[in-house]
Amino acid sequence: MGIVAGLDSSAEFTRIVVCDTDTGAVLRQGYAAHPGEPKAVDVDPQSWLLSLGEAATGGILEGVEAIGVSAQQHGVVPLDAQGGLVRPALVRNDKRAQVAAADLVESLGGRQAWAEAVGCVPGPGQAVAKLRWLARTEPEHARRVAMILQPHDWLVWQLLGRPARRTTDRGAASGTGYWSARTGAYRPDLVELALGHQAVLPEVLGPAEAAGTTPEGLLISAGTGETMAAALGLGLGPGDAVVSLGASGSVMAVHHEALADPNGMITSFADATGMHLPVVHTSNAVRALRGTAEMLGAESLEELSALALKSTPGASGLVLLPYLEGERTPSLPHAAGTLSGLRRESMKPEHLARAAFEGMLCALGDALDVLRGRGVEVRRIFLLGAAASLPAVQALAPALFGAQVVVPQPADYAALGAARQAAWALGAARGTLSPSAPPAWQGAAAQILEPGDELSAGQAVRQQYVATREQIHPGAFGG
């Protein structure tokens, strides 16, 4: 038995879990918020170290032999030739870079050119778009940038005492917009296209490799981005997909190869185990529920859920296309939501509430179908986000998705994934674990939901939704 730690430095806080290397059992935990403005898009990276130090107080790391680092994605830490910070780190899905992202798409020849080059089309959150924004709006700073790190890269570098070698992993690298999960290589020409000149990029480590060892003998694993760490913490494997319910939504799945999508609907991430994580995003998920709750005067989503369950499958013919903020999947950036099928008998609060839940889940079902249409196997679906606990979501999701649904108990899955990676790197270094497979930790405690007898009704609701979508937005998915 040994002890390892995983730390997750998210956009707003640091969480630490200390785990048994053999079982993954959580022994100790720590938490601290980052100092400063929680929603800031320009951040001093020292704030991440300050919260890390606070989270690690009270002897939490006593006896730890290895640490894994997970950190927020969509971040750029620009360094000069001496390793000094050129300006505060650029983090989050920074809307300032929207024009820069569009410029990059055009500069390379369109969405298909980007999809083929690096498996994704630049968005304002990606590092490549932030670099373009920096070059256009702060050219003096851009000219000084000699090395580009992401938050997890920078934290690993700090923990190791700022060595000459800087590292990252394939998971985090795949979100930059200048590293290809398909080829496993950087595209320095895309860095130059964005920044205006070349810059040093961190070495990309394999999943079980260590970034280094501290002078005290503490092994630091490669680390990874939050999405990849959470997948590792959940214990995802081939056949598993994750549907994440935030204001917007996302669907990702474990797959054996990178997927290049000429329409740009799939973002081709690498995971933290050597596999791939194709992701499809939707612009609307829980925001559709909140909007419906406000319309109906429901005081909470729980109240809306109870109301929806008074209706029947198909919501008495009501269909809501929940494109309230335009839509990313399918690509309908200027669309509005549509409520179809209004009849006198359907104009009741419970039917509209049900249509909101069915519309949200059917839109995410569309995203799942994008992956299925590319050969991605989906046997079970992990449902994440606070809305996953709503009774209406749990009642409807298995039949509408046509698969077993798993609702994991709330836990710090990104930090757990980082700890599991640390145990893997430690075992690989000692020769007790194979570098080809992570340690077999106990899976997440979860509620299992089956489609059961509701499957045929769910398929009918999906068909009703697809027919309405095709009538209102014909050929939206290229059909």
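**Talking through the model**

Colleague: Val4 stands opposite Cys19 in S2. What kind of model is this?

Modeller: It is a predicted model, where local features need pLDDT of at least 70 and side-chain atom pairs count only at pLDDT 80 or more, while totals for chains, interfaces and linings use all residues. Residues are numbered from 1 along each chain as its sequence is written, and side-chain values use heavy atoms, with hydrogens and water left out.

Colleague: Which residues point which way from S1?

Modeller: Ile3, Ala5, Leu7 and Ser9 point one way, Val4, Gly6 and Asp8 the other way, and all are buried. In a regular strand the side chains alternate between the two faces of the sheet.

Colleague: Why is Gly458 called buried?

Modeller: Its relative accessible area is 4%, which is under 20%, so Gly458 counts as buried. Gly458 lies in helix H15 (residues 455-472). Leaving aside residues up to four places away in sequence, Gly458 touches Ala399 and Leu400; contact means heavy atoms within 4.5 Å.

Colleague: And why is His473 called buried?

Modeller: At 14%, His473 is also under the 20% limit, so the word applies. His473 sits in the segment after H15. It touches Leu321, Tyr323, Leu332 and Ala335, again not counting residues up to four places away in sequence.

Colleague: What makes S18 and S24 edge strands?

Modeller: Seven strands form an open sheet with mixed pairing, in the order S18-S19-S17-S16-S22-S23-S24. Strand S18 (266-270) and strand S24 (446-449) each pair on one side only, and that makes them the edges. For S24, the partner strand S23 (residues 404-408) is joined to it by four bridges, and the two run antiparallel. There, Pro408 stands opposite Ala446.

Colleague: Which residues are closest to the centre of the second largest pocket?

Modeller: The second largest pocket has a volume of about 440 Å³. Of the 23 residues that line this pocket, the closest to its centre are Gly24, Leu416, Gln442, Gly443 and Ala444. On a 1 Å grid over the protein atoms alone, a pocket is an open set of points with protein on both sides within 12 Å along at least five of seven lines, whereas a cavity is a set where a 1.4 Å probe fits but cannot get out; lining residues have an atom within 4 Å of a point. The volume is the space filled by probe spheres set on the points, which are joined across faces, edges and corners.

Colleague: Which helix supplies the largest share of that lining?

Modeller: Helix H14 does, with four residues.

Terms used: Pairing = 2+ DSSP bridges. Buried < 20%, exposed > 50% of the residue type's maximum accessible area, 1.4 Å probe, protein only.
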